[in-house]
Amino acid sequence: MNKLLHIQASPRLGRSASIAVAEHFLGVYRARHPRDTVETLNLWEANLPEIDGETIDAMYAVRNRQPHTPAQLKAWQAVERIIGDFKSADTYLFSLPMWNFGIPYKLKHFIDLLVHRGLTFSFTPEEGYQGLITGKPAVAIYARGGAYGPGSGAEGYDAQSTYLRQILGFIGITHIKEIFVEPTVGSPTAKDEAAAAGNQEAAELAAAT
Ligand SMILES: Cc1cc2nc3c(=O)[nH]c(=O)nc-3n(C[C@H](O)[C@H](O)[C@H](O)COP(=O)(O)O)c2cc1C
């Protein structure tokens, strides 16, 4: 029995294009894998711990093999809890809007909590950087108001998918299947076509997952 973790980065819930396609994916996935667990992490409700001075000092204390103060320990335990929950999944589903060509700040906050040496990546002078979350597939569903695909002329502005791909790869998640839902802003026909194409891709991907 596997666990799929759906990380939702849009605050728009029922009006979100990325969540709608993710739900479509999950409908097919659940039918195919009735014994799997599906967990949702809504980053807007998750109350993510701040990455404040105590947290950063706690991180350096670990690196320098120094003991934690009580405040650092509390801060570090919160980080370890987030990472432990993330690592307990076998498959990841990310649904995310494009915001100012990149990712929403809540997702960046989550990533900054997740990416820590010794927990999700390692470094040695001999081997360099190595991701520690290996053998786990991911699906990423990107929604964007405009169009950034091949031939759009705006490919270079897409810091949403390029960043997510890069940072997931850094922590070892290299098998990523992607769905682009675009454009979600503009003519109702184009929006409907984008949603329908996204749903079709999601159903096909879920059937093959
Ligand atoms: C704060 C903010 C910034 C946005 N920036 C961009 C952008 O840079 N490029 C773009 O094409 N769309 C942009 N959009 C539009 C969203 O990408 C679009 O509405 C998308 O459908 C959002 O995903 P969601 O429907 O899952 O929330 C932005 C929307 C918001 C709220």
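**Conventions**

Axes are lines fitted to C-alpha atoms, for helices over the stretch in contact, and angles run from 0 to 180 degrees between N-to-C directions. Two residues are in contact if their C-beta atoms, placed from the backbone, lie within 7 Å. Helices (H or I, at least four residues) and strands (E, at least two) are DSSP runs, numbered from the N terminus.

The model is predicted: local features need pLDDT of at least 70 and side-chain atom pairs count only at pLDDT 80 or more, while totals for chains, interfaces and linings use all residues. Residue numbers start from 1 along each chain as its sequence is written.

**Overall fold**

Six helices and seven strands make up the secondary structure of the protein chain. Along the sequence they follow the pattern β-α-β-α-α-β-α-β-β-β-α-β-α. The radius of gyration of the protein chain, taken over C-alpha atoms, is 18 Å, close to the 17 Å that the globule rule gives for 209 residues, so the chain is as compact as a globular protein of that length. The globule rule is 2.2 Å times the number of residues to the power 0.38.

Along the principal axes, the C-alpha atoms of the protein chain fill a box of roughly 60 × 40 × 35 Å. Of contacts between residues at least 6 apart in sequence, 76% join residues at least 24 apart. Buried residues account for 30% of the 209 in the protein chain. A residue is buried if 20 or more other C-beta atoms, placed from the backbone, lie within 10 Å of its own, exposed if 12 or fewer do, and partly exposed in between.

**The open sheet**

Five strands form an open sheet in the order S2-S1-S3-S6-S7, with parallel pairing; two strands pair if DSSP finds at least two bridges between them. Strand S2 (37-42) and strand S7 (176-181) are the edge strands, each pairing on one side only. On average, neighbouring strands of this sheet are turned by 15 degrees against each other, direction ignored.

Strand S1 (residues 3-8) pairs with S2 in the parallel sense over six bridges, and Lys3 stands opposite Thr37 in S2. Five of the six residues of S1 are buried, so S1 is largely enclosed by the rest of the structure. Helix H6 (residues 188-207) lies across strand S6 (138-143) and S7, and runs at about 160 degrees to S7.

**The ligand shell**

Which residues come nearest to the ligand? Of the 17 residues around the ligand, these are Ser18, Pro97, Gly145, Gly146 and Thr184; a residue is near a molecule if its C-beta atom, placed from the backbone, lies within 6 Å of it. Helix H1 (residues 17-32) gives the most to this shell, with three residues.

By class, the shell has eight nonpolar, seven polar and two charged residues. Ala, Val, Leu, Ile, Met, Phe, Trp, Tyr, Cys and Pro count as nonpolar, Asp, Glu, Lys and Arg as charged, and the others, Gly among them, as polar.

**Backbone exceptions**

Most residues other than glycine have a negative phi, and most peptide bonds are trans. A cis peptide bond joins Glu182 and Pro183, with omega about -5 degrees; Pro183 lies in the loop between S7 and H6.

Asn47, in the loop between S2 and helix H2 (53-63), has a positive phi of about 55 degrees although it is not a glycine. With 6 C-beta neighbours inside 10 Å, Asn47 counts as exposed. Phe101 also has a positive phi, near 70 degrees, and lies in the loop between strand S3 (91-97) and helix H4 (105-114). Phe101 is partly exposed, with 16 other C-beta atoms within 10 Å.
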